[in-house]
Amino acid sequence: MIFRQMFDHDSCTYTYLIAQRESGEAILVDPVLSQVPKYLQLLEELELGLIIAIDTHIHADHVTGLGSLRDETLCAVVMGEHTKADCVNYKVREGEQLKAGDISMDVVYTPGHTDDSYSFLVGNRVLTGDTLLIRGTGRTDFQNGNPASQYDSLFNKLLTLPESTLVYPAHDYNGMTVSTIGEEKRHNPRLQVGSEQEYVELMNGLELEDPKLMDIAIPSNLACGLAPDIKD
Ligand code: FE
């Protein structure tokens, strides 16, 4: 399997390219609009065809490349069934397997950061979106975020995966690229809580500024990044 992690410096977003050499079919997860030319070049260089582009949730900090990628490659745009974006071709639900060639991704509904947050399990890797970050968790204070739901997504779903599962988040602000479920269980400060209530209090006590691009990114991303005023 081909697995590539790409970084957008402006938003500290990780985008993942997952592909199978034999079939030449590829999936991109959490693409950033400004990086689309780079993805297209890499797909061409690796002689891959993009079949699916997917966002783990509606992002508030960057404009998605989903719509642009669909225009360029005719790929299918996919998001979870709870998304409010009506521009997607196909909505996946928990328990479903998303397939491209021989690649198979298990869909896990992990709300909390937003109510449309999903994680994707590919072999021994899990793409956790903004639900589980390296030594952190995604904020829960906008886009129908809910710290109690996030506690459930973390403790009753993601942290029940084998400890050796590799954790690939949608962002990192500290230069870390990958972790494991076991490492996060032991060393992630947000996960050292004794109860749901304790987690809710911890998350509600964070005083965070809104992301810079929030007012542009959210409406644009509900249209797969193709709102006319920001397409350029
Ligand atoms: Fe997010």
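1. Overall size first. For a chain of 232 residues, a compact globule would have a radius of gyration near 17 Å, and this chain has 17 Å, so the two agree. That radius is taken over C-alpha atoms, and the globule rule is 2.2 Å times the number of residues to the power 0.38. Along the principal axes, the C-alpha atoms fill a box of roughly 50 × 40 × 30 Å.

2. A word on what we're looking at. This is a predicted model, where local features need pLDDT of at least 70 and side-chain atom pairs count only at pLDDT 80 or more, while totals for chains, interfaces and linings use all residues. Residues are numbered from 1 along each chain as its sequence is written, and side-chain values use heavy atoms, with hydrogens and water left out.

3. Secondary structure: the chain has 6 helices and 14 strands. These are DSSP runs numbered from the N terminus, with helices (H or I) of at least four residues and strands (E) of at least two. Of the contacts with a separation of 6 or more, 62% are between residues 24 or more positions apart; a contact means heavy atoms within 4.5 Å.

4. Burial and surface. Of the 232 residues, 56% count as buried (under 20% relative accessible area; exposed is over 50%, partly exposed in between, with a 1.4 Å probe and protein chains only). The accessible surface comes to about 10,200 Å², and carbon and sulfur atoms make up 48% of that. Areas are from the Shrake-Rupley method with a 1.4 Å probe, and for residues only the protein chains shown count as cover.

5. Charges. I see 17 positive and 36 negative side chains, with the centres of the two sets 4 Å apart. Lys and Arg count as positive, Asp and Glu as negative, and His and the chain ends are not counted; each charge is placed at NZ of Lys, CZ of Arg, CG of Asp or CD of Glu. There are 8 salt bridges, each being a side-chain nitrogen of Lys or Arg within 4 Å of a carboxyl oxygen of Asp or Glu.

6. One to look at is Lys 84 with Asp 115, at 3.2 Å from N to O. Lys 84 lies in the loop between strand E5 (76-80) and strand E6 (90-92), and Asp 115 in the loop between strand E8 (103-109) and strand E9 (118-122), so the pair ties together parts 31 residues apart in sequence. Lys 84 is exposed at 51% relative accessibility, while Asp 115 is partly exposed at 23%.

7. Then there's Glu 183 with Arg 135, a salt bridge at 2.8 Å, N to O. Glu 183 is in helix H4 (residues 181-187) and Arg 135 in the loop between strand E11 (132-133) and strand E12 (136-137), so this pair links parts 48 residues apart in sequence. Both are partly exposed: Glu 183 at 25% and Arg 135 at 30%. Glu 184 joins them in a network of salt bridges.

8. Arg 139 and Asp 141 also pair up, at 2.8 Å from N to O. Arg 139 is buried, with 14% relative accessible area, whereas Asp 141 is partly exposed at 44%.

9. Last, Thr 180, which sits in strand E14 (residues 179-180). Thr 180 is buried, at 19% relative accessible area. Leaving out residues up to four places away in sequence, Thr 180 touches Glu 163, Ser 164, Thr 165, Leu 166 and Val 167. The C-alpha atoms of Thr 180 and Leu 161, 19 residues apart along the chain, are separated by 9.9 Å.
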